[in-house]
Amino acid sequence: MGSLLMHVCVSKIVKEKLDLSNKFLFGTVMPDFIKLKTGQRNESHYIKKVIYNNGVKELPDIERFILENRKDLKNEETRGYLAHLIEDKIWFDKYISKYVKRVKNNDELVICLKNGCFKDNKKFTDELYSDYRKMGGYLVNKYNIDIKNLKRDLSIYLNDEVYFKFLQKYCTNNIISNDNPIYFITKQDMNYYIKETVEEVLKVLNGI
């Protein structure tokens with residue numbers, strides 16, 4: 001999954017353009033909160049496996065979500081949930097696939113595309129999340145995110161103590177030392193991703 005702040009950046013822009021309430025923003029974080037609580041990413045993110053070039057991508061099935069939730073698509077929380085899935089699909093389909101290629105029938109290894117070497121999937125995930133934390137301060141400053149206000153706005157909709165704890169833990173700029181290397185994600189990647197994803201989310205939401 002992308003970082004919570006990446007989702008907030010995209011959805012904050014979409015929220016303002018469509019004049020939506022903070023309930024939309026709340027819906028945007030729910031797939032990850034559900035995944036963290038249950039450990040069931042396949043269910044929370046409507047995952048389907050897509051085979052390509054002898055590799056595999058695990059991507060949200062946007063069409064299935066829309067079909068199964070058609071009656072609720074005018075609800076802002078449901079639209080936020082959908083926005084999250086679109087954001088993840090673009091991130092994993094177009095950006096993560098620039099960094100690594102997953103090995104078919106082997107969930108423990110990925111191929112690092114910058115050097116062609118195999119890398120342990122857990123190590124890759126750790127390095128990716130290090131990049132997310134490294135980018136936290138950049139996103140907060142560039143997109144004018146007030147962490148304190150964001151926590152307050154989202155807390156209004158929480159009715160589960162576990163989700164509240166997740167909010168306190170993950171809703172942070174997560175700044176880590178500049179001595180930590182950037183493994184994969186560049187600021188240019190992040191800026192392109194946010195611009196592209198805002199456009200796609202707006203396109204989908206305006207079409208339903």
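In this predicted model, helix H1 and helix H6 pass each other in a left-handed crossing. Their axes, those of H1 and of H6 (residues 121-142), come within 9 Å and cross at roughly 30 degrees. Because angles under 35 degrees count as roughly parallel, H1 is described as roughly parallel to H6.

**H1 against H6**
- On the H1 side the contact is made by Leu 5, Met 6 and Cys 9, while H6 contributes Tyr 132, Gly 136, Leu 139 and Val 140.
- Sorted by class, this contact between H1 and H6 has six nonpolar residues, one polar residue and no charged residues.

**H1 against H9**
- The axes of H1 (residues 4-18) and H9 (residues 187-206) also come within 9 Å, and they cross at roughly 45 degrees, which means that H1 is oblique to H9.
- The crossing of H1 with H9 is right-handed.
- Among the residues that make this contact are Met 6, Cys 9 and Ile 13 of H1, together with Tyr 193, Ile 194 and Val 198 of H9.
- By class, the contact of H1 with H9 has 13 nonpolar, two polar and one charged residues.

**The nonpolar core**
- The largest nonpolar core has 60 residues, and those with the most contacts inside it are Phe 33, Leu 82, Trp 91, Ile 185, Tyr 193 and Ile 194.
- Helix H5 (residues 76-99) supplies the largest share of this core, namely eleven residues.
- Leaving aside neighbours within four places in sequence, Ile 185 is in contact with Trp 91, Tyr 99, Leu 128, Asp 131, Tyr 132, Met 135 and Met 190.

Technical notes:
Residues are numbered from 1 along each chain as its sequence is written. This is a predicted model: local features need pLDDT of at least 70, side-chain atom pairs count only at pLDDT 80 or more; totals for chains, interfaces and linings use all residues. Side-chain values use heavy atoms; hydrogens and water are left out. A nonpolar core is a set of buried Ala, Val, Leu, Ile, Met, Phe, Trp, Tyr and Cys residues joined through side-chain atoms within 4.5 Å. Buried means under 20% relative accessible area, exposed over 50%, partly exposed in between (1.4 Å probe, protein chains only). Helices (H or I, at least four residues) and strands (E, at least two) are DSSP runs, numbered from the N terminus. Contact means heavy atoms within 4.5 Å. Axes are lines fitted to C-alpha atoms, for helices over the stretch in contact, and angles run from 0 to 180 degrees between N-to-C directions. Angles under 35 degrees count as roughly parallel, over 145 as roughly antiparallel, 65 to 115 as roughly perpendicular and the rest as oblique. A crossing is left-handed if the near helix is turned anticlockwise from the far one by less than a right angle, and right-handed if clockwise. Ala, Val, Leu, Ile, Met, Phe, Trp, Tyr, Cys and Pro count as nonpolar, Asp, Glu, Lys and Arg as charged, and the others, Gly among them, as polar.
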